[in-house]
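This briefing covers ring contacts and the protein surface facing a DNA strand. Please view the sequence and structure first.

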Protein chains: 2
Amino acid sequence: MADINFSNPLPSADSRPTQARPAPAGEANLRWDIIELLFFAYRDFVGDADHELEAFGFGRAHHRVMHFVCRYPGLKVADLLDVLRITKQSLGRVLKQLLDEGYIVQKTGNNDRRQRLLYATAKGEALVAKLATLQTRRIDRALEGIGLAGADTVRRFLRAMIDREDPDKVLETIFNAPNPKE
Amino acid sequence: MADINFSNPLPSADSRPTQARPAPAGEANLRWDIIELLFFAYRDFVGDADHELEAFGFGRAHHRVMHFVCRYPGLKVADLLDVLRITKQSLGRVLKQLLDEGYIVQKTGNNDRRQRLLYATAKGEALVAKLATLQTRRIDRALEGIGLAGADTVRRFLRAMIDREDPDKVLETIFNAPNPKE
DNA sequence: AAGAAACGTCAATATGGCTGACATAAATTT
DNA sequence: AAATTTATGTCAGCCATATTGACGTTTCTT
């Protein structure tokens, strides 16, 4: 607590515009800018969906489940747990609601009858598409000035931000997918 | 629920590798790839900090508060509420812990003595720096193959993902900041 | 027949959001 | 000077979503 210089407060500290604290000499080059941009970008990105979900009485948890079930039809419950990194008890409640309200259906596995393969209904697909449309609008707007090569750079960056060890089934699919041409 | 083709299940549906559902004809071009990459990238990005925070008995909420107080010293409580988009009651609980445990201090405003300007202590700064270091490591790794121009593209993309209307004090600072040269 | 696996569920608990109401001190307006 | 508004704090309770641990059923594997 020694080197914080507010013991002798700056004159009119609260009338100056807010400024990011300059990096002290000893501090390694930290990516403050990208760290904060990620925070705000993600906040507004999920905000799009959050707002719409309210009208359905759903939360983020429901969205995540529906999204991945819709995108990867036939996902097992265990797969979903891996992807979402939550416990089956947590998933249980949310999944039950989505089943009861007809957004998702279960189907017993053919090979292994213990499995409950998950599929989105048309109702579920419609909602997921609606949410994805909102988010796509934001992404398109953000990519606008950046060009095709830029979009690819963004994709490469995001991919590289993801842990590669012990990838779940969905991530494996994503990593193996060819980078789209746009 | 008519056009989902699992009424006549595909042979050995659960032995095939997981595949992303191909986009139906009627569906607009949705950015499924970037939507999912953002999900996983952010999940792992905040995971770095989450893991470390456990050792301190703190959660994500504490991190967010400490981070912005540390980065924008002298932030008012009201500013923080704008940035985090939570209620003062929610902030209150978390902030009280951080004050009690000596990660943050308050200082009465000079111009307006109602205000409580927030500052991180050395202890607080150390923790924030530690967490930022972890996240910076991940970002650096992700930017590695992308080059300087690529890093700038990523920054531009993330900036453009953020809502511009009604920016809070911190966001204004970020938007007005010159793009760093790397 | 025994064990393991996939899933479901009950119970209890924690975190971090929320709303509404109310209190205080200080600034501002009348 | 009095009234009002602003910035903040706080009490009480609710809700959503996460957790752990335990136990049960069905089904597959050995």
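In chain B, the charged end of R164(B) is placed over the ring of F175(B), 3.6 Å from the ring centre. A charge counts as over a ring if NZ of Lys or CZ of Arg is within 6 Å of the ring centre and within 35 degrees of the ring normal. The model is predicted: local features need pLDDT of at least 70, side-chain atom pairs count only at pLDDT 80 or more, and totals for chains, interfaces and linings use all residues. Residues are numbered from 1 along each chain as its sequence is written, chains are lettered from A and ligands numbered from 1 in the order in which they are written, and side-chain values use heavy atoms, with hydrogens and water left out.

**Rings and charges**

- In chain A, K123(A) lies over the face of Y103(A), 4.6 Å from the ring centre.
- Over all chains there are 13 aromatic pairs, where rings of Phe, Tyr and Trp (its six-membered ring) pair if their centres lie within 6.5 Å, and planes under 30 degrees apart count as stacked, over 60 as edge-to-face and the rest as tilted.
- Y42(A) and Y42(B) make a stacked pair, with 3.9 Å between centres and 5 degrees between planes.
- This pair crosses between chains, joining helix α1 (residues 32-54) of chain A to helix α1 (residues 32-54) of chain B; helices (H or I, at least four residues) are DSSP runs, numbered from the N terminus.
- Both Y42(A) and Y42(B) are buried, that is, under 20% relative accessible area (1.4 Å probe, protein chains only).
- F68(A) and Y72(A) are also stacked, at 6.4 Å centre to centre and 20 degrees between the planes, and both residues are buried.
- A cluster linked by ring pairs contains F39(A), F40(A), F68(B) and Y72(B).

**Surface near DNA strand C**

- Of the 24 residues around DNA strand C, those that come nearest are K88(A), R64(B), T87(B), Q89(B) and R93(B); a residue is near a strand if one of its heavy atoms lies within 4 Å of it.
- By class, this surface has four nonpolar, nine polar and 11 charged residues.
- Helix α2(B) gives the largest share of the surface, four residues.

**Polar contacts with DNA strand C**

- A polar side-chain atom of S90(B) lies 3.2 Å from a phosphate oxygen.
- An N or O atom in the side chain of R93(B) is 2.7 Å from a base nitrogen.

Definitions and conventions
Helices (H or I, at least four residues) and strands (E, at least two) are DSSP runs, numbered from the N terminus. Buried means under 20% relative accessible area, exposed over 50%, partly exposed in between (1.4 Å probe, protein chains only). A polar contact is a pair of N or O atoms within 3.5 Å; within protein, one must be able to donate a hydrogen and the other to accept it, and residues adjacent in sequence count only if both atoms are side-chain atoms. Ala, Val, Leu, Ile, Met, Phe, Trp, Tyr, Cys and Pro count as nonpolar, Asp, Glu, Lys and Arg as charged, and the others, Gly among them, as polar.
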